Amino acid sequence: MKKDIFNLEGKVALVSGASRGIGEEIALLLAEHGAKVIVSSRRIEDCQSVVQKIVDNGGVAEAHSCNIGKIEDIDEIFDYIKNKYKKLDILINNAAANPYFGHILDTDLSAFNKTVDVNLKGYFFMSIAGGKLMKAQGSGAIVNVASVNGIQPGINQGIYSITKAAVINMTKSFAKECGPLGIRVNALLPGFTHTKFASALFNDKKSYEQLIDKIPLKRHAEPREMAGTVLYLVSDAASYTNGECIVVDGGLTL
């Protein structure tokens, strides 16, 4: 019998920002392939809805609230994982903040701090906490959800684009230092995807049409189309993939 290189049975996965959009689809797909998924976001009720979908589909999951912009929340969820599961095989850093859409010169301190706290500090300390659990077992996979804005800054998305560029370099830094520990660290760079998070662009008809015109596939992506790359990166199919930042944008950045 051939081995299924995408089989995640016995694996414990934590997905942040998993209550909707790309994070929800990642959680659903990992569970479909056998992982026990901890569905996490700020609102426990939204997480429970995703967990119910997984359970109804025959998977195993649980909900846990966590605001990755708060160190105490990060400490709490990893203490819980350590006490209950004694390990963590997969960490998906997907939660993100983009509170400001406008000219970069008008960025205020509050928007700057919130974006950095979640997109940069949150990813960094989630990776440290997850990495320490993975170091103890000698294996693990971390995937950071960055953005094509990290390589081509989006108009009116200055601080968001800056933090996503930092996530790309963070991914490579962790990959270089954690690879010898058996921990692979990679990133997904989504393009124009239909999520509530990107609603500002979808609600601006002119901006939407300008973006679609630049995409060779001539359409936006659906969240599910991002999840397959993450499945690859955390599976045995990507056993020698480390430090890569994979662009999934329909050709937008060509």
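Start with what α7 packs against: in this predicted model, the buried residues of α7 are in contact with α6, residues 199-203. Helix α7 itself covers residues 205-214, and its buried residues are Ser207, Leu211 and Ile212. Those three span an arc of only 130° around the axis, so they sit on the same side of α7. As a general point, an α-helix has 3.6 residues a turn, so residues three or four places apart point the same way. Turn to the other side of α7, and you find Lys205, Lys206 and Asp213 exposed.

Next, the helix pairs. Two packed helices are described by the angle between their axes and the distance between the axes.

Take α1, residues 21-32, and α2, residues 44-56. Their axes are 10 Å apart, and the packing angle is about 25°. Angles under 35 degrees count as roughly parallel, and α1 and α2 are therefore roughly parallel to each other. The crossing of α1 past α2 is right-handed. Which residues meet there? From α1 we have Glu24, Ala27, Leu28 and Ala31, and from α2 Val50, Lys53 and Ile54. By class, that contact of α1 with α2 holds 5 nonpolar and 2 charged residues, with no polar ones.

The other pair is α3, residues 71-85, with α4, residues 109-137. Here the axes come within 10 Å and cross at roughly 20°, which makes α3 roughly parallel to α4. The crossing of α3 and α4 is right-handed. On the α3 side, the contact involves Ile71, Ile74, Phe78, Ile81 and Lys82; on the α4 side, the residues include Phe125, Met126 and Leu133. The residues of this contact of α3 with α4 divide into 8 nonpolar, 2 polar and 2 charged.

How values were computed. Residues numbered from 1 in each chain as written. Predicted model: local features only at pLDDT ≥ 70, side-chain atom pairs only at ≥ 80, totals over all residues. Heavy atoms only, no water. Axes fitted to C-alpha atoms, helices over the stretch in contact; angles between N-to-C directions. Helix = DSSP H or I, 4+ residues; strand = E, 2+ residues; numbered from the N terminus. Parallel < 35°, antiparallel > 145°, perpendicular 65-115°, else oblique. Left-handed = near helix turned anticlockwise from the far one by under 90°. Contact = heavy atoms within 4.5 Å. Nonpolar A, V, L, I, M, F, W, Y, C, P; charged D, E, K, R; others polar. Buried < 20%, exposed > 50% of the residue type's maximum accessible area, 1.4 Å probe, protein only. Arc of directions from axis to C-beta.
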